[in-house]
Amino acid sequence: MGWASWNSFAAQINYNVIKSQTDAIVASGMKDAGYKYINIDEGWWQGTRDSSGNITVDPAEWPGGMKAIADYIHSKGLKAGIYTDAGRDGCGYYYPTGRPAAPGSGSEGHYDQDFLQFSQWGFDYVKVDWCGGNAEGLNAQSTYQAISDSISRATATTGRSMVLSVCEWGSQSPWNWAPGMSNLWRTSGDIIFFGENASMTRVLSNFDAAQHPSAQSPGHYNDPDMLVVGMAGFTAAQNRTHLSLWAVSGAPLLAGNNLATMNSDTRSVLTNPEVIAVDQDARGQQGVKVSEDQSGLQVYSKTLSGSGRRAVVLLNRTGSAATITANWTNLGLTGAASVRDLWAATDRGTFTGSYATSVPAGQAVLLTVTGTDASTAGAKQIVGGQSGRCADINNSSTTNGTQAQLWDCNGQANQQWTYTASKQLMIYGNKCLDAYNNGTTNGTAAVVWDCNGQTNQQWNVNADGTISGVQSGMCLDAYNNGTTNGTKLALWACHGGSNQQWAMR
């Protein structure tokens, strides 16, 4: 969460512009609401270096250099972000906006030098664009891996970690490789071009392009681009719809409007605590479309922390107001559930089976629905065919990475597993049996981890009594034919032995 300079200022930035926005994020209450990054985007640097190859900036625009502005941002209790390009020449060369074309404004050939310099200046976040990389035909995965490695080396030297924002626009499917090397990755082109009015068409397009839920987990996010809340062309209702979509996606919230001149409605949208809580939920999941009973009338659901909690967006993409229904079955809930409208800050009541409401054309309603997980109602023990003991999480631990084990069956919550429609073996309502570190080799630990929808958390419960990983094809195994309390569970090549036989009951 934070603010970035591009949408409102393009390349026309300097110390005073960034200082003003830093002051405004504090004065507006946005800092207190959770916005903590002030990100300096393209335009701060015109590609100049000294005789040693170190980046230099115009001292008239950046008195005291970039360290001075990072220090000022830190003095307000905030974090500082900076920008570069993966190629030799950055976006300021290919698409000059507010400044002359700037050759040499990328970091290619200087990765270690530049990221170390950013870290030494005090920056906590770096966005790496793809204009030069694209023009040069670079391989995105290997290029950004080299950048990630350089950042790791800089952190080892300075002790300052930096968030890496991969801005590759989705052209080489970063959701397939970026989670292992970065914190967030752009999934589409720009949500707005400088000088344009905000467009709901572009918002919806970027939202759609970011639908890669299996890639997302706590600390690793699909990025549909900066917010255009409060920018010219958007109504108050469009602001709310836009933020609803980002919230149900668990997307980064980087405001792009001019914080020093925003009106009270924009401020209230950006700082709504219940909406922010949905976006920032600790499970880090991306909401998914669960129904579209009629073309353009869509229901998205995001599983929240705790038991039986969902964030739900009812999105009307049509040109007329329409009633949209959220069915509990599609949300994975059963029985009665309470419904709260977050933008209205109103409890709508308790409903059994479904909730329906009218949604204006082109708008969305954001709800929280709290009930009973349908999966919890059907929880079962996983009993070993050889041992007669149950798959158990030691001492009822909820710590990510805790390895599953055998233990005397006792019916307690740390032995209650639910096989979900998405092939997860879920425990506690929010943890899943997980092949550790995406392992696919013999001995890979079977652990509990925050449910994230990835294939290393998907399992086939087979008719022959085995439980096999969807990603690995390997079987859940009582290690070394163990039958005693504490025997660890792991993946092993399927062989039909009794230590790979399980019954769910």
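Let's start with the charged contacts: a search of the whole structure finds 20 salt bridges, each being a side-chain nitrogen of Lys or Arg within 4 Å of a carboxyl oxygen of Asp or Glu. Keep in mind that this is a predicted model, in which local features need pLDDT of at least 70 and side-chain atom pairs count only at pLDDT 80 or more, while totals for chains, interfaces and linings use all residues. Residues are numbered from 1 along each chain as its sequence is written, and side-chain values use heavy atoms, with hydrogens and water left out.

One of these salt bridges joins Asp 23 to Lys 19, at 3.2 Å from N to O. The two sit four residues apart in helix H2 (residues 15-27), so about one helical turn separates them. Asp 23 is partly exposed because its relative accessibility is 27%, and for Lys 19 the value is 27% as well (buried means under 20% relative accessible area, exposed over 50%, partly exposed in between, with a 1.4 Å probe and protein chains only).

Another salt bridge brings together Arg 88 and Glu 108, at 3.8 Å from N to O. Arg 88 lies in the loop between E3 and H5 and Glu 108 in the loop between H5 and helix H6 (111-121), so this pair ties together parts 20 residues apart in sequence. Arg 88 and Glu 108 also belong to a network of salt bridges with Glu 136. Arg 348 is partly exposed at 38% relative accessibility, whereas Asp 341 is buried at 11%.

The largest pocket has a volume of about 710 Å³, and among its 29 lining residues Val 288, Thr 303, Thr 420, Ser 422 and Gln 424 are the closest to its centre. A pocket is an open set of points on a 1 Å grid over the protein atoms alone, with protein on both sides within 12 Å along at least five of seven lines; a cavity is a set where a 1.4 Å probe fits but cannot get out, and lining residues have an atom within 4 Å of a point. Grid points are joined across faces, edges and corners, and a volume is the space filled by probe spheres set on the points. Strand E9 (288-294), strand E10 (297-303), helix H13 (328-331) and helix H14 (374-377) each supply at least two lining residues of this pocket; helices (H or I, at least four residues) and strands (E, at least two) are DSSP runs, numbered from the N terminus.

The structure also holds three cavities of 30 Å³ or more. In the largest, about 110 Å³ of space is lined by 14 residues, with Ala 4, Asp 41, Tyr 125, Lys 127 and Leu 254 nearest its centre. Strand E3 (79-85) and strand E4 (125-129) are the elements that give two or more residues to this lining. The second largest cavity has about 60 Å³ of space, and its lining includes Trp 44, Trp 45 and Tyr 83.

Trp 169 has a positive phi of about 70° although it is not a glycine, and it is found in the loop between strand E5 (163-166) and strand E6 (184-186). Asn 395 has a positive phi near 60° and is found in the loop between strand E18 (390-393) and strand E19 (404-407). Asn 395 counts as exposed because its relative accessibility is 71%.
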